Structure formats: C-alpha cells, structure tokens
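Look at the structure, then work through the answers.

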Amino acid sequence: MKSFLMFFDRSYGYSRAVLAAILGIVLIIWPGTAVRTIIIVIGAVLMLLGAVSLIFSKKPEEGQNRSLLSLNGIASLVFGLILVIFPTFFAGIIMFLFGAILLIVGVGEVANLISVRRETKAPVSLFLGPVITTACGIVIFFNPFSTIEWLFIFFGISLLVYALTEFLSTKKIRKIYKDFTASKEKESDLIEDVKYEEVE
C-alpha cells in the first residue's frame with residue numbers, strides 16, 4: 001500500500017495542488033507577462049516541488065520507497081534549475097515545454113492511481129482529472145492558439161484543473177488508506193495466539 005502513498009502524502013499532495021493553483025492563477029491573470037519570466041517562475045516552482053520531494057524522501061516511514069521519491073525530487077530540481085538558467089532557449093519551444101509538463105504530470109497520476117486500484121477499491125472517477133490533464137498536454141502540442149497569451153491562459157486553466165483533482169485525489173486516497181489500515185488493525189486484533197501441545 002505504501003508504494004503509492006509517497007505521491008499522495010497529506011502534505012506533499014496538498015503542496016503540489018497549492019503551488020499549481022498559484023501558478024495557474026498567475027498565468028490566467030497576467031498572460032501577457034514575458035515568456036522568459038514565466039519560464040523562470042515555472043523553473044522555480046519545479047525546484048520547490050523537487051525540494052519538497054527530497055524532504056519527504058527522508059521521512060523514516062517511507063522505507064523502501066525513499067529512493068524513488070528522491071529520484072523524483074532530484075529530477076524536478078535539475079529540470080527546474082535548467083529552466084531558470086536557460087530560459088531564453090526554452091522560450092522558443094514554450095508550447096512543447098507546457099505540453100511536456102502536463103503530459104508528465106497526467107500520465108504520472110494515472111500510473112499512481114492504477115497502483116492504488118491494485119491495492120484497494122479506488123473510485124474510477126479519480127482518473128478523470130489526470131486524463132483531462134493529459135489531454136490538455138496533447139492539445140498544447142498541436143498549438144491551436146492564435147496568440148501566446150491564449151496559450152498561457154489555457155496552460156493556467158490546465159494547472160487549476162490539475163490542482164483541484166490533485167487536492168481531491170489526495171484527500172480521497174488518504175481516506176482509503178486510513179480505512180484500509182483500520183481494517184488491517186482490526187483483523188490483527190482478532191488473531192490470538194493459541195497454546196498447543198506437540199503429539200509424538
């Protein structure tokens with residue numbers, strides 16, 4: 001069960017949702033902001049998410065999953081740092097950058113939810129958000145936008161959708177895990193040691 005909980009930690013999941021929501025709102029309100037500035041902000045957010053991942057990877061209860069969470073954190077930190085250092089380069093491929101971010105996030109969430117359903121009964125409705133996020137990433141790759149401002153607005157809306165679904169998924173899955181843990185503890189309490197004698 002812990003194989004997917006690192007992606008739905010009560011604090012980590014909510015932190016991702018809040019950061020995505022803030023960035024989404026900024027993009028919607030100020031879509032005309034310089035592309036270079038937006039890329040630097042995105043890089044900074046990715047670095048912050050990476051730092052959060054690394055912090056949670058050090059929690060002792062993560063056990064064997066710490067290495068995977070550390071890898072996720074390092075990847076986010078490195079990619080974010082590259083965006084901050086080379087924003088001009090990515091300005092020329094901004095739509096591919098946005099599309100790639102949404103695809104990675106969406107596909108990652110779908111994979112995590114599949115892991116959840118292998119362990120317990122999670123509602124299929126939880127897949128709706130990640131599927132929409134993935135679809136938004138695909139749409140951005142085809143660039144149907146007349147101006148860069150509309151691209152920013154669409155990306156901002158996509159981030160808000162992700163933030164909402166991430167918040168709901170984290171809340172729902174934490175509840176599922178809590179119920180799952182409670183049932184296991186109850187089963188454990190019902191098991192008692194029985195004295196026996198060996199018969200030769």
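Contact here means heavy atoms within 4.5 Å. The model is predicted.

Q: Which residues does T133 touch, not counting residues up to four places away in sequence?
A: T133 sits in helix α7, residues 128-142. Its relative accessible area is 2%, under the 20% cut-off, so T133 is buried. Leaving out residues up to four places away in sequence, T133 touches L102, V105, G106 and Y162.

Q: How many aromatic pairs does the structure hold?
A: A pair of aromatic rings is described by the distance of the centres and the angle of the planes. Ring centres must lie within 6.5 Å to pair. The number of aromatic pairs in the structure is 6.

Q: Is the pair of F89 and F90 stacked or edge-to-face?
A: The centres of F89 and F90 are 5.1 Å apart, with 85 degrees between the planes. Planes over 60 degrees apart count as edge-to-face. The pair of F89 and F90 is therefore edge-to-face.

Q: Which residues do ring pairs link into a cluster with F79?
A: F89 and F90 form an aromatic pair. Ring pairs link F79 into a cluster with F89 and F90.

Q: Why does the pair of F98 and F155 count as stacked, and what is the angle of the planes?
A: The ring centres of F98 and F155 are 4.0 Å apart. Planes under 30 degrees apart count as stacked. The pair is stacked because its planes are at 5 degrees.

Technical notes:
Residues numbered from 1 in each chain as written. Predicted model: local features only at pLDDT ≥ 70, side-chain atom pairs only at ≥ 80, totals over all residues. Heavy atoms only, no water. Helix = DSSP H or I, 4+ residues; strand = E, 2+ residues; numbered from the N terminus. Buried < 20%, exposed > 50% of the residue type's maximum accessible area, 1.4 Å probe, protein only.
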